[in-house]
Amino acid sequence: MVALTGAGISAESGIPTFRGAGGLWRSFRPEELATPGAFRRNPDLVWEWYEWRRGVIAAAQPNAGHFALVELERTKHAFTMATQNVDGLHDLAGSRRIVKLHGDIWIDRCLACGRELVREHAKDTYQHHSEHRCGCGGLLRPGLVWFGEPLPENALSSAEDAVRGADLVLVIGTSAAVYPAAGLVPLARQSGARVIEVNLEETTLSAEVDVSLRGKSGDILPKLIA
Ligand code: BV8
């Protein structure tokens with residue numbers, strides 16, 4: 001069994017989604033800020049956006065949807081979670097076998113020496129880092145995958161392997177707009193897996209999957225797992 005999650009599973013934790021209501025920041029679209037070009041042109045603006053998001057995420061707790069997937073991992077010996085989310089709530093909820101397709105907002109990476117720094121996640125220890133500099137003097141960037149950047153090699157291939165071998169794939173809280181992550185769903189179907197979608201709204205996937213459950217993942221997942 002594989003669960004593919006997107007920003008929708010964290011919406012009930014108070015984290016704005018990318019393409020839904022409240023998903024905008026100062027009327028910027030993610031595709032404009034989450035790019036290497038935007039960071040080269042204006043690192044301070046991009047850092048301001050990420051520090052704002054870290055502040056929102058630091059105040060968030062995992063919700064019943066995250067915990068239902070932890071339960072699934074504990075009861076199903078062959079379970080893989082592949083997430084597009086960078087908020088770390090699956091880790092906080094207790095998920096262990098997580099494939100992070102788009103990286104982690106709590107990691108900084110040095111442009112000069114490549115070193116990765118893990119930033120504090122918990123609300124009480126989190127503080128804004130006005131100076132994003134590495135010990136080597138290099139500029140730090142958020143350690144996640146921007147538009148136009150390749151996904152971590154091993155992440156994509158292990159998610160593809162899991163989906164190829166799956167009997168059942170749960171697709172939760174994603175608009176399936178971003179590739180190559182969204183390509184995991186057609187791959188699942190071509191490989192003979194049953195696909196269940198859990199989403200508040202209809203998506204481009206809804207007509208393709210075996211079952212499309214309409215509603216909040218925090219309500220549906222605990223019932224589905226039970
Ligand atoms: C790459 C990190 C190539 C940053 C993110 C075809 C093939 C390959 C690439 C492309 C392609 N076509 C286009 C591309 C380019 C691009 C792309 O896909 N663009 C899109 C916009 C068209 N892809 C890339 O650039 C990727 N890179 O392909 O590189 C390459 C290869 C080799 C060498 C060089 C280059 C990289 C993509 C990764 C970008 N990084 N995140 C950051 O977070 O700041 S993507 C970003 O979008 C987030 O990770 C997010 O998770 C992801 C997808 O969004 P969703 O999670 O689906 O969230 P969304 O808001 O869209 O939807 C929420 C859903 O939840 C909705 O459906 C809503 O109804 C639902 N919902 C809401 N509340 C609830 C709910 N459901 C249930 N319960 C609720 N309560």
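A polar contact is a pair of N or O atoms within 3.5 Å; inside the protein, one of the two must be able to donate a hydrogen and the other to accept it, and neighbours in sequence count only if both atoms are side-chain atoms. Keep that in mind as we look at this predicted model, where local features need pLDDT of at least 70 and side-chain atom pairs count only at pLDDT 80 or more, while totals for chains, interfaces and linings use all residues. Residues are numbered from 1 along each chain as its sequence is written, and side-chain values use heavy atoms, with hydrogens and water left out.

Let's start with the ligand. A polar side-chain atom of Arg 53 sits 2.7 Å from one of the ligand's oxygen atoms, and His 102 has a polar side-chain atom 2.8 Å from a ligand oxygen. With Ser 217, a polar backbone atom is 2.9 Å from a nitrogen atom of the ligand. On its own the ligand would expose 1500 Å², and the protein buries 76% of that (areas by the Shrake-Rupley method with a 1.4 Å probe).

Now step back to the shell. The ligand is surrounded by 39 residues, with Arg 19, Tyr 50, Gly 148, Ser 175 and Asn 199 the closest (a residue is near if one of its heavy atoms lies within 4 Å). Helix 4 (43-58) and helix 1 (8-11) each give at least two residues to this shell, and helix 4 has the largest share, 3 residues.

What about the chain as a whole? The protein chain has 9 helices and 9 strands (DSSP runs, H or I of at least four residues for helices and E of at least two for strands, numbered from the N terminus). Its radius of gyration is 17 Å, close to the 17 Å from the globule rule for 226 residues, so the chain is as compact as a globular protein of that length (taken over C-alpha atoms; the rule is 2.2 Å times the number of residues to the power 0.38).

Finally, visit the loop between strand 7 (168-172) and helix 8 (184-190), where Pro 180 lies. A cis peptide bond links Tyr 179 to Pro 180, with omega about 0°. Ala 176 is in the loop between strand 7 and helix 8 too, and its phi is positive, near 55°. Most peptide bonds are trans, and most residues other than glycine have a negative phi.
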